[in-house]
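I have kept each point to one topic.

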Amino acid sequence: MKPQDKPVDQTLTTRQGHPLTHNQNVRTVGSRGPTTLENYPFLEKISHFDRERIPERVVHARGAGAHGVFEAYGTVGDEPISNYTRAKLFQEKGKQTPVFVRFSSVIHGGHSPETLRDPRGFAVKFYTEDGNWDLVGNNLKVFFIRDAMKFPDLVHAFKPDPITNRQDGHRIFDFISNTPEALHMITFLFSPWGIPANYRQMQGSGVNTYKWVNEAGEGVLVKYHWEPKQGIKNLTQPEAEKIQAKNFNHATQDLYDAIEAGNFPQWELLVQIMSDDEHPELDFDPLDDTKLWPEDQFPWLPVGVMTLNKNPENYFHEVEQVAFGTGVLVDGLDFSDDKMLQGRTFSYSDTQRYRVGTNYLQLPINAPRKHVATNQRDGQMAYRVDTAPGQNKHVNYEPSSMNGLKEAPKKYAEHQPYIAGNLVRQPIDRTNNFKQAGERYRLHEDWERDDLINNLVSTIAGAEQHIQDKMVELFTQCDEDYGRRVRDGLDRARNANEKSTPEEAEEMAHSAQPY
Ligand code: HEM
């Protein structure tokens, strides 16, 4: 008999291993009488069900994921990559590293439509031989704000109103009109780039500035980009509405179906590199995540390719419980002083200890695929002790002379940038909030610009007059034509509103929602 021909025991049991003989009826006094409370199998089943949900992610709750592999080129442009980073996953041409990727939208809940105007998350976990590396990015290459202090306010402004529980363009543009650094991101977000057609045909970006460190301990600044081999496809608002009317899972479905059909999506990973200093010659600060690094000065250099080739076996275990964080770096990769990056790095593992639990790193989707040995013990849901083979298990501290864990040998020079200055709470000097936003406005194709203006006007038209005026002023600082078109659109909307009945006006105010 072959192993697969052995009879399989399909008996339903409780979690305690007791065969379950009655799974259709609770235990009652007579067929119509009251239910008894000593009915353990029922209590176990219903109380487990009562706990099936964990807290949603506070942002990026709606997502889809897949497994795959990253293959390194061994070079960056024409140079050996070792000139810049000693990270092992990049060194040899053809070296493969398993990955898990989660794509997401940001603002709304776990089953919200995937056609909404929103940045898309693009988070990649590399299971490297040196432990995990998470590259937690978005589809768009810039962000709304440049200081982590402002993140909860940004998210509150975009989330539903705390009283009406509806997302409200008025609140969004109240915040944006007081946050001029967001104009570059807004010029992307309200164009078709704010609604990628699906997850396969969108770019990814690390957005924040990181560092690479070589064997000599020398650092450079680096930005990461994912370029889809499937091409890029975005939707206008009317196109998105048509899809949403029939299918609010279209992006999850598209990814799953493509992988099931063997049509594996691929992205090339490219980097931009800059020397690690303030670059006074630039009109922006390289650590400002509201800015792009101009491609003509800092070309995109390919370093490898990622293929997604396997769907999750269980959505909850893998996609829901996966935990990415910007602090999860391997040797040869480092942080820059980007203030957003530093704030993010605290936030991710903090929320995950709450969202998933203290021992979230023991779950298979989060655990490194290499030897893990720590002296961390216990906590909720701990089920394994991460020790080294042969280790004296009485020793859960370090240092020890009784065969406990030892510090890893230091193989390479530490990257030790010199930092001096007063402790302050200050914005950066080179804010330059409007120039790149204006460039982006001019770079959009005509249909993208038309869609951008329509979307902005329909959303801002619902805001109070002083917010509308402030927004026109900000758009004008980006580009005169940009400001003029938004102002004309708002004037037209106001005239139409004045001519309409009170019911139509009310209807229009409600339709002036961003998403
Ligand atoms: C998710 C915080 C900025 C991309 C999250 C989560 C938090 C968070 C708390 C939920 C994590 C979880 O429950 O596992 C922050 C803070 C930021 C910030 C405090 C700014 C200071 C950004 C930026 C990007 C980004 C700039 C894009 C580069 C993501 C992505 C996810 C996420 C992709 C979802 C990860 C997943 O799929 O599990 N963020 N974030 N965030 N964030 Fe951020």
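1. How many residues surround the ligand, and which are the closest? In this predicted model, the ligand is surrounded by 27 residues, and the closest of them are His60, Arg102, Gly121, Ala148 and Val207.

2. Helix H9 gives the most, with 8 residues. Sorted by class, the shell around the ligand consists of 13 nonpolar, 10 polar and 4 charged residues.

3. The domain assignment divides the protein into domain 1, made of the segments 63-189 and 196-362, and domain 2, which covers 434-495. The C-alpha centres of domain 1 and domain 2 are 27 Å apart, and the contact between the two takes 15 residues from domain 1 and 20 residues from domain 2.

4. On the side of domain 1 that touches domain 2, helix H4 and helix H5 (183-189) each supply at least two residues, and H4 gives the most, with 5 residues. By class, this side of domain 1 has 5 nonpolar, 7 polar and 3 charged residues.

5. Helix H4 (residues 169-177) also packs against another helix, namely H3 (residues 151-158): the axes of H3 and H4 come within 7 Å and cross at roughly 150°. Since angles over 145 degrees count as roughly antiparallel, H3 and H4 are therefore roughly antiparallel to each other. The contact is formed by Asp153, Leu154, Ala157 and Phe158 on the H3 side, and by Arg171, Ile172 and Phe175 on the H4 side. The residues of this contact of H3 with H4 comprise 5 nonpolar, no polar and 2 charged.

6. On the annotation, the UniProt record, an unreviewed entry, carries a feature named "domain: Catalase core" over residues 13-406, and this label should be read as coming from that record.

7. For the ligand, the corresponding element to inspect is H9, which supplies 8 residues of the shell.

Terms used. Residues are numbered from 1 along each chain as its sequence is written. This is a predicted model: local features need pLDDT of at least 70, side-chain atom pairs count only at pLDDT 80 or more; totals for chains, interfaces and linings use all residues. Axes are lines fitted to C-alpha atoms, for helices over the stretch in contact, and angles run from 0 to 180 degrees between N-to-C directions. Helices (H or I, at least four residues) and strands (E, at least two) are DSSP runs, numbered from the N terminus. Angles under 35 degrees count as roughly parallel, over 145 as roughly antiparallel, 65 to 115 as roughly perpendicular and the rest as oblique. Two residues are in contact if their C-beta atoms, placed from the backbone, lie within 7 Å. Ala, Val, Leu, Ile, Met, Phe, Trp, Tyr, Cys and Pro count as nonpolar, Asp, Glu, Lys and Arg as charged, and the others, Gly among them, as polar. Domain bounds come from an automatic or database domain assignment. A residue is near a molecule or strand if its C-beta atom, placed from the backbone, lies within 6 Å of it. UniProt positions are given in the numbering used here, feature names are shortened, and annotations may be inferred rather than shown by experiment.
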